[in-house]
Each structure stands twice: as structure tokens, then as C-alpha cells.
Amino acid sequence: MTLEIKEGDTWTEIGTSTTGENGRVEGFDIETEVATYRLAFDLSNYADLGETPFFPEIDVIFQVQDADREHHVPVLVSPFGYSTYLGN
């Protein structure tokens with residue numbers, strides 16, 4: 001997965017990571033700022049889904065309005081769908 005920040009009309013990559021055994025990313029070691037971000041997930045080789053996923057890529061775009069708050073963005077995936085939300 002990659003984490004990008006929006007700068008004007010372009011996206012700039014600021015971090016990459018893979019999920020661990022627990023399906024989570026521990027963080028990107030960045031200084032969060034008030035901005036618009038995009039998490040880009042590549043699911044094309046996600047063998048745990050049991051079949052080729054209908055959504056091989058997922059982009060989650062969100063805005064950070066409080067840079068002091070920790071942002072946890074879970075993405076729940078199945079072969080034919082996904083959901084996401086701001087976690088705690």
C-alpha cells in the first residue's frame with residue numbers, strides 16, 4: 001500500500017508499507033499535517049480472498065483536519081466488496 005498527500009492537483013507519495021500477519025500496518029512514520037491524503041491498496045495478489053478480487057485496487061481518500069489526532073483507517077475486504085471508516 002502507498003500513502004500519498006495531495007499537493008495542488010497532484011499526488012506525492014510519502015510512504016509505503018505492507019500489512020503484517022494481523023492484517024494491519026503499524027504506521028508510516030510521517031509528521032501528519034492538515035491535508036488530503038490517499039491510501040492506495042493493491043489487492044491483485046491477495047490470496048486470502050480465495051479468488052481473484054472484483055476490486056484489484058482500492059483508493060481511500062480522506063482529509064486530516066486535526067493533525068494532532070491519530071488516524072486509523074481500517075479497510076475491510078471481501079472478494080466482492082470493501083468498507084472503510086475512521087477508526088479510533
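Visitor: What makes strand E3 and E4 a pair?

Guide: Strands pair if DSSP finds at least two bridges between them, and E3 (residues 35-42) and E4 have eight bridges, running in the antiparallel sense. Strands here are DSSP runs of E, at least two residues, numbered from the N terminus. One of the facing couples is Thr36 opposite Gln63 in E4. By the way, this is a predicted model: local features need pLDDT of at least 70, side-chain atom pairs count only at pLDDT 80 or more, and totals for chains, interfaces and linings use all residues. Residues are numbered from 1 along each chain as its sequence is written, and side-chain values use heavy atoms, with hydrogens and water left out.

Visitor: Why is the aromatic pair of Tyr37 and Phe62 called stacked?

Guide: Rings of Phe, Tyr and Trp (its six-membered ring) pair if their centres lie within 6.5 Å; planes under 30 degrees apart count as stacked, over 60 as edge-to-face and the rest as tilted. Tyr37 and Phe62 sit 5.7 Å centre to centre with 20° between the planes, hence stacked. Tyr37 lies in strand E3 and Phe62 in strand E4, so the pair ties together parts 25 residues apart in sequence.

Visitor: How do you know whether Tyr37 is buried or exposed?

Guide: Buried means under 20% relative accessible area, exposed over 50%, partly exposed in between (1.4 Å probe, protein chains only). Tyr37 has 2%, so buried it is; Phe62, at 18%, is buried too.

Visitor: And what are the rings of Phe55 and Tyr82 called as a pair, and why?

Guide: Their centres are 5.3 Å apart and the planes stand at 90°, so that pair is edge-to-face. Phe55, at 32% relative accessible area, is partly exposed.

Methods. Helices (H or I, at least four residues) and strands (E, at least two) are DSSP runs, numbered from the N terminus.
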